[in-house]
Structures are given as C-alpha cells and as structure tokens.
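Dear colleague,

Please find below the structure that I promised to hand over, followed by notes on what came out of the analysis.

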Amino acid sequence: MEELDDLHEPTMCIKEAQELAAALYGADAAWFMINGTTGAIHTMLMGALNPGDVVLVPRNAHRSMIGGLILAGASPVYIQPEIDERLGIPMGLCLADIESAVRAHPEAKALALVYPTYYGVTIDLQAVADFVHGHGMLLLVDEAHGPHLKFSEKLPCQAIDAGADMAAQSTHKIVGSLTQTSMLLARGPRVDLERVRQAASLLQSTSPNQLLLASLDIARLQLAEQGQALIGRAVELAESLRAAINQIDGLWSFGQEYMTQDGASGLDLTKVTVSVRGLGISGPEAEHILRHTYKIQCELSDAYNLLFIISYADTERETGRLLAALQALARDHRGQGSFEAAAKLPRFLSRACCHGRHSLLPWSGCHSCSRLAALQRSR
Ligand SMILES: Cc1ncc(COP(=O)(O)O)c(C=O)c1O
C-alpha cells in the first residue's frame, strides 16, 4: 500500500518521520531500524567499512559490534577499557590508550566504541572525536544507552553532538518505542549517507512491521513535545534514589563525584548502580533475593553490583518500593554472606580484556571449522 511508504527507499511518511527524527537529534540523517541496535550497529559498520579495514574497538564491545565486524570483514585492534577494581566493572576507554592505538595503527579507518557504558559511564568524547578526526579516522558510536541524553543538561553530551560521525541508539531500551526498534544517526561530511542507506536496506526485512516503525515516530514525537520535562524528572528521581541508597549501611551507589578517573568523566545519572559488596553477598544473590522476595527485577547484576534504570515511566511509587526493598535486603543480609571475589575478579577481567590484534579475522573465524573448548584451555 503506497500510503505506508517503503522503508528501503522512503519517499513519503517514513521519509518524513526519519527526517523529523534527524531534526530532533540534530543529525543529518536518521534511519529507523527494526532489528534493534544490533541492526543499527551492523548497518553502521557495513556502511562505513570495507573488507580488511582496520578498526579500533574496546575489548568490552557488545556482541553486536563483533557481529558487525564479521559482516563487514573488518580487522579489529582491541583496546582495553579501564577497569574499576572497587566496582569490578569496565569503565570507558582512556584517551591515552586511544592515542597509542592510533599511533600504532595509523592505517585504522575508524574507532568504534560504546558510549555511555551500560552503567552510564562516559568519557570526554569530544576530545576523542577531535583526535581521531585529526588522524583521518571515523568515530562510530554504540550509543545504545543514550537516546535520552539530548534532553537534559544534567546528562552527558550525546555522541553526535560530541562529534561522532554515526551513533546507534536503542530507542526501545531507554525511551518509548516498541521492543526491537532503534535509530541510527549520522552527522558530518565523512559519512556516505547513500552507502549507509544501502547497508540498512541489505540488512532489514522487506516486510517491516508498520507498528514498530510507527512506535519510533511516536517516541520521537513524545520526546519532541515533552523530552526535557520527562527526562529531567527521571534525573531528579534517580538522584533522590541514589542519595537515599547511600544512607543504607552496606550499600553504595556511585554518582557524578566518582567520575574523576581515567575512562570515566561523566555519568548518565538515570543509571543507578548499587554495589552490594559491603553486604558480603554477590550481585546475582542480591538479584535473586530482590526478584523472589520483593518482586523487583533489576536491569542486570554482576559480581558486586545491581543496576537499575530510572526512566520517565517511573514515579516516586516505584523508587519508594525499590528503596524499601534495598533497606530490607541490607538489614536481613548484612554480614550473613561470605562472598568475596576481590582477589579473583580484576585478574580475570584484565586477562579477558587484553590489548592487541587477533590471529584470525572475525570473519575468517566465523567461517572456519570450530570445536568447543573449555575456557581454561582456550587461548
Ligand atoms: C551496549 C549495547 N550495545 C548494543 C546492544 C544491542 O541492542 P539491541 O538489543 O537493541 O539489539 C545492547 C543490548 O543490550 C547493548 O547493551
């Protein structure tokens, strides 16, 4: 039906909706994606890289980035992110490490990184953009966790405003579109927009679900009309929650004041990471208790932490329930557990996240014969 337009060569309502999205985010172009940010990242890499191109990638890149490297036939050089040993989590890349990777690989075509991290941690992306552009490289950003950054001055700068050439955003994760829908944004003279459109077309269904596409347009409209108010409220709510959590003996939720180290200069304040290390229980144990005793599901848990996302759909009712559950968790479990991964964790992380080059291209590895091997026996 012609009124529904064609996602692959839009000329009517999809074209208009994508242009409105691009205008809202200050991009030159926006593409609607119906295979999540995975699809957006695949499109971004396929649209920017040629087989054999060298690309600098953080070791903690999401699997969709690795999938994109396979599809593009690109050759990654891995950069180790900073590891915060107190929290046991990777932060962002340090500028000095990016500089030395670029100096070691002047032939690199792009730096492809995640910003913000899942935990909301950001780096000085503008400095990174200036540096890589100065070396003739592209800056491609997995901004899955950043489609709301544009709408509050209390949040870090969004990627394309900091100078990124392209950014893949999970509209469905953080703002209001249906699951599976994301946007790819591009800005500046270094991106071949027609080539990106072709990559998007190659990777997407010829029968896109119109409900999914419409939900992206509705999310865009909601942000255009109420983004500042909605995201501003979520930030305030998250900040009050963080302050209250920090009153609980045994729990700790870091805020902007902690972002003063290499690989961490800013924080998406709507991400509330709660370290349960002081209780002597592990993150997964705390997740299990919250889920089964208090009927609260966290976004994720890791060895020491729980992560919660405070969105504009939350109110004081939800944060109050969460706070009461965390107070009860601390009261009932402080000193009861015996979890202490302190000695093991950083060593494991730093081994898994070493610098350097692969011995096989991801594409070749994917197409080679393989067999299962125990992690301890693999190299
Ligand atoms: C950092 C990051 N990038 C990319 C993705 C992929 O997003 P999607 O699930 O929308 O495909 C995720 C998903 O969790 C993510 O956390």
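How many bridges join strand β9 to β10, and in which sense do the two run? Strand β9 (residues 166–169) is joined to β10 by 4 bridges, and the two run antiparallel; helices (H or I, at least four residues) and strands (E, at least two) are DSSP runs, numbered from the N terminus. Please keep in mind that this is a predicted model, in which local features need pLDDT of at least 70 and side-chain atom pairs count only at pLDDT 80 or more, whereas totals for chains, interfaces and linings use all residues. Residues are numbered from 1 along each chain as its sequence is written.

Of the 5 residues of β10 (residues 182–186), 5 are buried, a residue being buried if 20 or more other C-beta atoms lie within 10 Å of its own, exposed if 12 or fewer, and partly exposed in between, with C-beta atoms placed from the backbone. In a regular strand the side chains alternate between the two faces of the sheet. In β10, S182, L184 and A186 point one way and M183 and L185 the other.

S182 also belongs to the surroundings of the ligand, among them H62, Y118, D142 and S170, a residue being near a molecule if its C-beta atom, placed from the backbone, lies within 6 Å of it. Helix α2 (residues 36–48) gives the largest share of this shell, 3 residues.

Turning to helix α5 (residues 125–134), L125, V128, A129 and V132 are buried there. Seen down the axis of α5, its buried residues fall within an arc of 100° (taken over the directions from the helix axis to the C-beta atoms), so they line one face of the helix. Those residues pack against α4, β6, β7, β8 and α6, contact meaning that C-beta atoms, placed from the backbone, lie within 7 Å. After α5 comes G136, with a positive phi near 75°.

Finally, an open sheet of 3 strands has the order β12-β14-β13, with antiparallel pairing. Because β12 (271–275) and β13 (300–301) stand at the edges with a single partner strand each, one side of each is left without a neighbour in the sheet. Between β12 and β14 (residues 305–309) there are 5 bridges, and T273 stands opposite L307.

With best regards

How values were computed: Pairing = 2+ DSSP bridges. Contact = placed C-beta atoms within 7 Å.
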